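Welcome! Take a moment to look over the sequence and the model below, and then follow the briefing topic by topic.

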Amino acid sequence: MTAFRNGPAPQGGSASAPGEGTHAGAVTPPARPVRQLIAASIGNAVEWYDWYAYTFLATYIAAQIFPKGAANSLVPLLSTFAVFAVGFFMRPVGGLLMGAVADRRGRRAALTVTILLMGGSSLLVGLTPTYAAAGVLAPIVLVLARLLQGLSVGGEFAASTTFLVESAGPGRRGLFSSFQYVSTTIGQLVASGVAALLVANLAPATMEGWGWRVPFVLGALLSLVGFWVRRDADETRSEEQAKAPRPGLFEALRRHPRESLLICGITAGGTLAYYTWTSYLPTYAELNAGVDKADALLAGTLSLTFFAVLQPVAGMVSDRFGRKPLLLMFGIGFALLSVPLLRALNDSFVTLLLVQCAGMVLLSGFTAISAAVNAETFPARVRAAGIGFPYSLTVALFGGTAPYIGTLFKDMGQAGLFPVYVAVLCLVSSAVYLRLPETAHRPLER
């Protein structure tokens with residue numbers, strides 16, 4: 001049964017409320033919750049380090065793999081496909097496939113596959129030959145690497161979300177859920193720091209020659225560390241689920257269409273706001289407010305650090321007071337404040353930092369608990385695949401396109417429409433949040 005079919009939530013209860021032991025499929029959480037938390041978080045941080053390293057070094061990669069003026073017409077086509085589409089295109093596929101592995105073989109097995117897949121694809125990026133050396137084979141290899149990275153990242157969210165929430169002790173699902181974005185942010189910050197360190201200490205010719213490859217080789221080595229930590233983690237899928245017939249690949253979509261649509265509605269506004277505030281806002285401020293590039297990057301780094309600190313706090317608040325208040329704070333807050341916040345930007349570093357941090361506070365109402373809300377939506381039998389596909393598809397449609405929609409509005413001379421777009425989508429998600437039952441204090445089926 002799903003969280004939507006358990007009846008009214010116990011008033012003032014917790015995950016250890018009386019009667020939980022008789023809940024179908026419920027089992028005692030793993031005995032080493034901190035170890036579980038570390039296993040999920042370190043692997044997730046490595047995954048996102050590898051993902052963001054490509055973003056930060058894309059200009060160097062393009063110069064070596066997709067040189068301007070190449071005679072072969074496939075090169076610019078493959079370049080566009082690789083940089084703008086491949087990774088996000090494969091994330092829903094990864095969420096479905098790796099989610100199915102987690103539901104059929106266990107959460108730990110899926111986490112092992114995703115970390116090794118990301119390590120291998122990161123190494124492949126680092127060893128990709130240049131166009132001058134290998135011709136059109138170079139962009140083909142890079143496209144393959146990005147396909148694997150997208151597959152891995154999509155699968156990682158499905159598996160680690162399920163693993164984190166199922167590892168939580170009574171009344172701590174929100175807290176454990178928050179580490180999904182703590183580790184994601186750490187991975188992003190480390191990738192940015194490594195790239196900045198290399199650029200600052202290597203000559204431009206060296207950076208273009210082999211320096212850009214270093215972060216990807218390092219990412220492959222870090223993946224081995226993540227694999228070593230995860231191999232000793234406890235499986236969170238119950239023995240009852242392990243012995244049950246294996247679910248079909250599309251069983252979650254076929255048997256739980258309402259829950260799948262709910263994941264899309266829950267995620268749409270959140271993923272757009274997340275990518276706008278954590279990735280696109282520095283560029284938006286440069287294009288529309290004349291903020292200096294260095295100031296924009298510094299403000300982004302400081303606000304991301306602040307964002308990571310906020311996550312466990314928001315997670316604990318949700319464990320005490322429920323998920324809906326935080327979701328509504330996020331959704332209605334962004335619906336009302338996206339336009340005034342983005343219009344308040346000017347060429348001041350302080351203003352940009354304040355706008356970013358204000359958005360981060362509201363955004364934490366979604367990011368800190370999205371893993372818990374998603375896991376509480378699906379039954380254990382199809383939880384990972386049920387979360388992975390609709391979530392990753394929604395991220396690809398709305399989150400991954402945020403920079404391009406913003407730039408498109410700017411090119412059309414309608415830059416002011418982008419804040420309205422963010423506000424409207426967050427309002428749509430708020431309507432979904434209003435209809436959600438409170439699941440924070442209900443027992444989680446395992």
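Of the 446 residues in the protein chain, 57% are buried. Please keep in mind that this is a predicted model. The chain has 19 helices and zero strands. Among its contacts with a separation of 6 or more, 89% are between residues 24 or more positions apart.

**Helices α4 and α9**

- Start with helix α4, residues 107-126, and helix α9, residues 214-230: their axes come within 7 Å and cross at roughly 165°.
- Angles over 145 degrees count as roughly antiparallel, so α4 is roughly antiparallel to α9.
- The crossing of these two helices, α4 and α9, is left-handed.
- On the α4 side, the residues that meet α9 are R108, L111, T112, T114, I115, L116, M118, G119, S122, L123, V125 and G126.
- Their partners in α9 are F216, V217, G219, A220, S223, G226, F227 and R230.
- What kinds of residues make up this contact of α4 with α9? They divide into 10 nonpolar, eight polar and two charged.

**Two serines in helix α6**

- Helix α6 covers residues 137-167, and S152 lies in it.
- Is S152 buried or exposed? Its relative accessible area is 0%, and buried means under 20%, so S152 counts as buried.
- Apart from neighbours within four places in sequence, S152 is in contact with E47, T114, L117 and M118.
- How far apart are the C-alpha atoms of S167 and R35? They are separated by 9.6 Å, although the two residues are 132 residues apart along the chain.

**Cysteines**

- As background, a disulfide is a covalent bond between the sulfur atoms of two cysteines.
- How many disulfides does the model have? The count comes to zero, with a disulfide taken as a pair of cysteine sulfur atoms within 2.5 Å.
- C426, in contrast, is buried, because its relative accessible area is 0%.

Definitions and conventions. Residues are numbered from 1 along each chain as its sequence is written. This is a predicted model: local features need pLDDT of at least 70, side-chain atom pairs count only at pLDDT 80 or more; totals for chains, interfaces and linings use all residues. Side-chain values use heavy atoms; hydrogens and water are left out. Axes are lines fitted to C-alpha atoms, for helices over the stretch in contact, and angles run from 0 to 180 degrees between N-to-C directions. Helices (H or I, at least four residues) and strands (E, at least two) are DSSP runs, numbered from the N terminus. Angles under 35 degrees count as roughly parallel, over 145 as roughly antiparallel, 65 to 115 as roughly perpendicular and the rest as oblique. A crossing is left-handed if the near helix is turned anticlockwise from the far one by less than a right angle, and right-handed if clockwise. Contact means heavy atoms within 4.5 Å. Ala, Val, Leu, Ile, Met, Phe, Trp, Tyr, Cys and Pro count as nonpolar, Asp, Glu, Lys and Arg as charged, and the others, Gly among them, as polar. Buried means under 20% relative accessible area, exposed over 50%, partly exposed in between (1.4 Å probe, protein chains only).
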